[in-house]
Amino acid sequence: MAARQALQVHLDLLSQPCRALHILLACTRLPHTVRHVALRRGEHRTPEFTEINPMQKVPVMVDNGFILTESDAIIKYLVNKYDVPDHWYPRQPERRARVDEYTAWHHTHTRPHAAKVFLLEVLLPAQTGSPVEAQRLVGALSQLQETLDQLESMFLRRQPFLCGDDITVADLLAVCEIMQPEGGGRDVLQDRPLLQRWKSRVRAAVGDAFDQAHAVLYALRDRRRAKL
Ligand SMILES: N[C@@H](CCC(=O)N[C@@H](CS)C(=O)NCC(=O)O)C(=O)O
């Protein structure tokens with residue numbers, strides 16, 4: 001029988017922060033075990049999972065009995081604790097502060113705004129059986145466009161990655177959110193060459209891990225397209 005890894009992560013790859021963590025683990029080759037938690041089947045509400053995370057959300061990490069929730073905290077814990085290339089979360093204070101600057105902003109901008117488009121276009125219609133009111137979607141798209149403008153003008157103004165010349169955990173968190181509307185067939189970077197080039201650089205930097213993490217999202221998109 002294979003030995004159980006000391007590091008376990010509980011993930012559903014339809015979840016954006018779970019994919020960011022998954023890509024980081026693949027790129028850094030940290031030995032770990034993945035426990036799949038299917039949100040659509042309510043597996044995050046079982047007594048067993050609630051024991052691990054009373055907030056009933058993924059991702060969750062368990063490292064030698066140490067339980068941690070919140071993707072931001074998990075990702076930073078892993079790169080702090082283990083010997084991974086410095087570029088992911090640089091030790092130099094100013095460079096690290098740039099990553100923290102983005103990740104703090106991320107949770108009030110990129111994450112809620114991209115997630116809302118997916119919620120309105122995919123999740124709510126799946127639950128109710130009918131599309132949401134068009135005006136709600138227009139509002140969400142406009143908020144997301146504003147956030148994408150800020151990503152371009154503030155974070156990608158003069159540098160190839162969000163926080164400098166090399167890829168960091170900030171790029172992983174961001175790209176996984178920006179990909180989420182693709183689950184509903186919407187490419188939010190369609191008219192944004194600067195962000196498209198950034199996404200290509202992120203894809204190139206992480207290699208196969210990108211498509212592996214997004215396979216479930218692509219499958220959802222393709223199933224929806226096939227129904228049209
Ligand atoms: N701030 C948390 C957000 C976690 C979160 O909202 N996870 C979602 C999936 S993306 C979830 O588990 N939702 C289940 C639910 O709320 O019922 C993080 O970054 O880890």
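Me: What are the helix and strand percentages over residues 92-228, and how far apart are the end C-alpha atoms?
Reply: Helices (H or I, at least four residues) and strands (E, at least two) are DSSP runs, numbered from the N terminus. Here, residues 92-228 are 73% helix and 0% strand, with 51 Å between the end C-alpha atoms. That stretch carries the annotation "domain: GST C-terminal" in an unreviewed UniProt entry; such annotations may be inferred rather than shown by experiment. Keep in mind that this is a predicted model, where local features need pLDDT of at least 70, side-chain atom pairs count only at pLDDT 80 or more, and totals for chains, interfaces and linings use all residues. Residues are numbered from 1 along each chain as its sequence is written.

Me: Which domains does the domain assignment give the chain?
Reply: Domain bounds come from an automatic or database domain assignment. In this chain you get domain 1 (7-86) and domain 2 (88-227). Their centres, taken over C-alpha atoms, are 19 Å apart.

Me: How many residues does each domain put into the contact?
Reply: Two residues are in contact if their C-beta atoms, placed from the backbone, lie within 7 Å. Domain 1 brings 19 residues and domain 2 brings 22 residues. On the domain 1 side, H1 gives the most, with nine residues.

Me: Which residues surround the ligand?
Reply: A residue is near a molecule if its C-beta atom, placed from the backbone, lies within 6 Å of it. Around this ligand you'll find, among them, Ser15, Gln16, His44, Lys57 and Asp72. Helix H1 (16-28) and helix H3 (71-81) each supply at least two residues of that shell.
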